[in-house]
Amino acid sequence: MAVFLQSLISGILIGGVYALIGIGLTLIFGVMRVINFAHGDILMVGMYLTYILFTFAGIDPFVSVLISFPLMFIFGGFLQKVFINRVLNAVAQNQILLTIGLGLIMSNTVMLIFTSDYKIITTSYSSSTFQLGGGVSVSWPLLISFLITSAITAVLYWFLLKTDTGQAIRATAQDREAAQLMGINVKRMSIIAFGLGSALAGTAGALISPTYYIFPQVGSTFTLKAFVITVLGGMGSVVGATLGGVLIGITESMSAAYISSGWKDVVVFSLFLLVLLLKPSGLMGKSRT
Amino acid sequence: MLRIEKLNFSYGDLKVLWDVDLEVKEGEIVTVVGANGAGKSTTLKNISRLVKPDSGALTFDGQDLSRLPSHRVVELGVVQVPEGRRIFPEMTVMENLRMGSYVKGTRKDRERNVEWVFDLFPRLQERQKQLGGTMSGGEQQMLAIARGLMANPKLLLLDEPSLGLSPLLVKNIFDIITGINRQGVTILLVEQNVYQSLRIAHRAYVMETGRVVLTGGGQELLDNEHVKKAFLGM
Ligand SMILES: Nc1ncnc2c1ncn2[C@@H]1O[C@H](COP(=O)(O)OP(=O)(O)OP(=O)(O)O)[C@@H](O)[C@H]1O
Ligand SMILES: [Mg+2]
C-alpha cells in the first residue's frame, strides 16, 4: 500500500509538469493546426535559462519562473511572428520541417555555447523530502513545482474561459474564418498562443531543472512526451492535455515501482496505443465529422 | 456607403469574379441573387477581406477596404453573417454573443446589445448556456444573426440567412431583417429565396457566373421577365 501511495503521489506531482508541457503543445496545435516539433527544444532553452539565472545571478530555479515565463513568452511570440506565421497556409510537411529545423537550431546553438556536457543545478533542497506517514515520503522540489504548475494552470484556465483575449484564442481555434469576421486579429492570437505555449514549455523546463540533467539534446525526449500527452488527451483540448499529463505521470511512476524503471516507456506507449484503439480521437477529442 | 468598382477575383487559377460593380447606400436593403456558384459569397468574402481582391476598388465611407486586414473592416462597422452560420461550436450561446462584440468600441454596449438580440430572438435567451454546436440549424441561424448584431454594424452582410429554415421561420427572418433595417442598419443580403428577398429589397443585383447581369429596384426585378423565368419558375 505504501508503495502504491508513494508512486501515485509522485506520479501526480510529476504529471503536473507534464500537463504544462502538453497544454502548451495542444494550445499551439489548436490555434494554428501546426504540430510544434520544437516544443521539447523550447523546454530545453527554458532549462538553460534557469541554469544561467541560477549559476550567474544566484536566482533560485523556482523563483526564476517569474523571469523565464515572460522571456519565453517573448521568445515564442518572436518565433511565431518571424517564422511560423509564414507557413500557416503551407502544406503540413513544410510546417513540420520548419519546426524541426527551429528545434535543431536551438539545440545546436546551445551546444556551441555550453558544449554537450551535462549540467546540474544543485539546490539545498534538490534531494530533500518530507515524511507523510505510513512510509510515504514526498520530494520537496516535486511538491513545489506541482504547486506552481497548479497555480499556472488555474490562471491559464481562467484566462481562456473568462477574458476577451482568451475567448478570442478559443474562437480562433474553433473557426479561424468566423473569428476574423468577429474582428479578431487572428495573426495576433497565433502570436499569443505560440508565446503562451513556449512560456509553458519553458516554465516546465525551469521547474524540472533542480531534478533533471540539463544537456542540449534533452528536448527530444520531451517533444515525444508532449506529443503522447496531447494525442492521448485529444489534439487541441486543453482539458485533455491536463488529464493526459497527469495520467502519463502516474503511469510512469507506477510502472517504475511495480515493473522496473527501464520498462516505464513501454508501459506508457502500450497505454497510449490502447487508448487510441478504443478512442482514436483521444480522451477529450472530438471525433471528426 | 459601400462602393465596389470593377472587382476581379480568382481562387488560384480559377477566375470567379469579373468586373463586379455594386453599390449600397446608407439605409438601404440591397439584395444579391444568383444561381449556385455565381460568386455571391465570394463577393462578400472580398468585402470582409477574408480574401484579397485581384483588382478593383472596394470602399466603405470613403475608406479603401482593399488595404485593410479583416479585423479592421469589422472595426469600421462592416459585419458579415457568413453562409453556413459558422457558430463557434464549443462555446455557449452567451460566449458566441460575447465574441460578436469582441471589437473594442462595441464592448461597452454589450449588455444593451444582448438585451436587444434576446428581444429579437427570445429562444436564444432560453438557451444562453447551451453549446453552439448542439443547437438546431434554425437556432444556429438566429444565433449567427444575433452575433453579427452584437458588433454594432453599420452595414450588415447577410449570406443566405434563410437557408435550411422552416417556412414559418423564413418569414420570421425576413421580418426581422426589415426590422433591423428600420432601426438604422444598412443591409446587403445574399439570398436563394428570390421572391422574399426581392420583396423586402430597395434595390437588387442579379449575378451570373461571376458577373453582375442585371440591377434595379426590388419590385422592378420581381416583375422582370428574365428573373421570373430564371428564379421564380414562372
Ligand atoms: N475556396 C475556394 N476555392 C476554389 N474555388 C472556390 C472556393 N470557394 C468558391 N469557389 C468557386 O467560386 C465560384 C463562386 O463561388 P461562391 O461561393 O461565391 O458562389 P455563390 O454564388 O455563393 O453560390 P451558392 O449560392 O451556392 O452559395 C464557384 O464556382 C465555386 O466553386
Ligand atoms: Mg454562397
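**Ligand and helix contacts**

Tutor: Start with B:Tyr11: one of its polar side-chain atoms lies 3.4 Å from a nitrogen atom of ligand 1. A polar contact is a pair of N or O atoms within 3.5 Å. This is a predicted model, where local features need pLDDT of at least 70, side-chain atom pairs count only at pLDDT 80 or more, and totals for chains, interfaces and linings use all residues. Residues are numbered from 1 along each chain as written, chains are lettered from A and ligands numbered from 1 in written order, and side-chain values use heavy atoms, without hydrogens and water.

Student: How far is the side chain of B:Thr42 from an oxygen atom of ligand 1?
Tutor: An N or O atom of that side chain is 2.4 Å from the ligand oxygen.

Student: And B:Gln192?
Tutor: A side-chain N or O atom of B:Gln192 is 2.6 Å from an oxygen atom of ligand 1.

Student: Which residues come nearest to ligand 1?
Tutor: B:Lys40, B:Ser41, B:Thr42, B:Glu83 and B:Gln192, out of 13 residues around ligand 1. Here a residue is near if one of its heavy atoms lies within 4 Å.

Student: New topic. At what angle do α2(A) and α4(A) pack?
Tutor: At about 25°, with their axes 9 Å apart. Helix α2 of chain A covers residues 39–57, and helix α4 of chain A covers residues 92–114. That angle makes α2(A) roughly parallel to α4(A) (angles under 35 degrees count as roughly parallel).

Student: Which residues of α4(A) meet α2(A)?
Tutor: A:Gly103, A:Met106, A:Ser107, A:Val110 and A:Phe114. On the α2(A) side, the residues include A:Tyr48 and A:Ile52. Contact means heavy atoms within 4.5 Å.

Student: What classes are those contact residues of α2(A) and α4(A)?
Tutor: Nine are nonpolar, two polar and one charged. Ala, Val, Leu, Ile, Met, Phe, Trp, Tyr, Cys and Pro count as nonpolar, Asp, Glu, Lys and Arg as charged, and the others, Gly among them, as polar.

Terms used: Axes are lines fitted to C-alpha atoms, for helices over the stretch in contact, and angles run from 0 to 180 degrees between N-to-C directions. Helices (H or I, at least four residues) and strands (E, at least two) are DSSP runs, numbered from the N terminus. Angles under 35 degrees count as roughly parallel, over 145 as roughly antiparallel, 65 to 115 as roughly perpendicular and the rest as oblique. A polar contact is a pair of N or O atoms within 3.5 Å; within protein, one must be able to donate a hydrogen and the other to accept it, and residues adjacent in sequence count only if both atoms are side-chain atoms.
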